[in-house]
Amino acid sequence: MIKPIKLQYQLKQAGSHWQLYLIFLLPFVYFVLFKYVPMYGLVLAFKKYRVSKGILGSPWVGLDHFVRFIQSPTSLQVMYNTFILSLYTIAASFPLSVILAVALNETRNKTWKKSVQMVTYAPYFISTVVMVAILFQLLDPRIGIINRFLELTGLETVNFMGEATWFRHIYVWSGVWQTTGYNAIIYLAALTSISPELYEAAIVDGANKVQKIRHIDIPGITPTIVIMLILNMGYVMSVGFEKSYLMQNPLNLETAEIMSTYVYRVGLLNTDYSFSTAIGLINSLINLILILGFNSIARKMGDTSLW
């Protein structure tokens, strides 16, 4: 008798908070429909998919697609390009976002602070297509402002978008300009949660601005930095498709070809859905290993981790 009564009480309690469960229902349905149900498609990675036969009717091929990708002469280069481009992006954007957040937090002139925030945050709203178009205009070998400046200084013009060695630098630093202000907002929010009493105690002890930043600001936002770094490690092999694809051309493909564009070019354009699914699964497994590894390292080195 006790269990039915307890269950009835729990149902009654749940019914009294139905609004909360209704709000929870929408994201729950979203994740089920768009995140978990599509996982059924992973079966394609182990089959030779035929549209006429469907997923279930297509013949099994085991690990053939994975072996094919690993044995491909371009597979290692594509994985290397993706890994280096992603790490380069993280190494360049992370410190600048933290520095900008700390600098804005120390600014006492509200007008100047808001102006800098607006200027650094605005580029985030520029679409990827427009951003790449701007890059092509600025870096054009004949009419681009950068090459025009090089000509005026007596230097030779450079075909920036046509040289493989320039691709990563252009991709990363244009991304830093576009996203640094947006990323800094997270650290600004973390800085506002630091107790004012710590700053008051530091002033009493005679600490200057640099010492306050070093001993209060940085330790205060370190957990946020660690969490953001771990989350970014989960996307190391998932560098944005749009920007990379739009910036690619036959001259810079050596460094511009990454996993997502390779899947599109080799798998989807050739309608080899099974092969593209296998590459995508490899990509996801590498991301999973990285996020698990960095989370374990963060947990051992400090008290901050995702789990």
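Mentor: Ring pairs join Y121, Y124, F125 and Y182 into a cluster. Keep in mind that this is a predicted model.

Trainee: How many aromatic pairs does the count come to?

Mentor: The count comes to 19 aromatic pairs. Take Y121 and F125: their ring centres are 5.1 Å apart and the planes sit at 85 degrees, so this pair is edge-to-face. The cut-off for that label is over 60 degrees.

Trainee: And is F125 buried or exposed?

Mentor: F125 is exposed, at a relative accessible area of 60%. Y121 is partly exposed, at 26%.

Trainee: Switching to helices. At what angle do α14 and α15 cross?

Mentor: Roughly 165 degrees, with the axes coming within 8 Å. α14 covers residues 259-268 and α15 covers residues 273-301. Angles over 145 degrees count as roughly antiparallel, and α14 and α15 are therefore roughly antiparallel to each other. The crossing of α14 past α15 is right-handed.

Trainee: Which residues in α14 and α15 meet?

Mentor: On the α14 side, M259, Y262, V263, V266, G267 and L268. They meet Y273, F275, S276, I279 and N283 in α15. By class, that contact of α14 with α15 has eight nonpolar residues, three polar ones and no charged ones.

Trainee: What about the loop between α14 and α15, which residue lies there?

Mentor: T271 is one of the residues in that loop. T271 has a positive phi of about 55 degrees, although it is not a glycine.

Trainee: Is T271 buried or exposed?

Mentor: T271 is exposed, with a relative accessible area of 53%. The cut-off for exposed is over 50%.

Notes:
Residues numbered from 1 in each chain as written. Predicted model: local features only at pLDDT ≥ 70, side-chain atom pairs only at ≥ 80, totals over all residues. Heavy atoms only, no water. Axes fitted to C-alpha atoms, helices over the stretch in contact; angles between N-to-C directions. Helix = DSSP H or I, 4+ residues; strand = E, 2+ residues; numbered from the N terminus. Parallel < 35°, antiparallel > 145°, perpendicular 65-115°, else oblique. Left-handed = near helix turned anticlockwise from the far one by under 90°. Contact = heavy atoms within 4.5 Å. Nonpolar A, V, L, I, M, F, W, Y, C, P; charged D, E, K, R; others polar. Buried < 20%, exposed > 50% of the residue type's maximum accessible area, 1.4 Å probe, protein only. Phe/Tyr/Trp six-rings, centres within 6.5 Å; stacked < 30°, edge-to-face > 60°.
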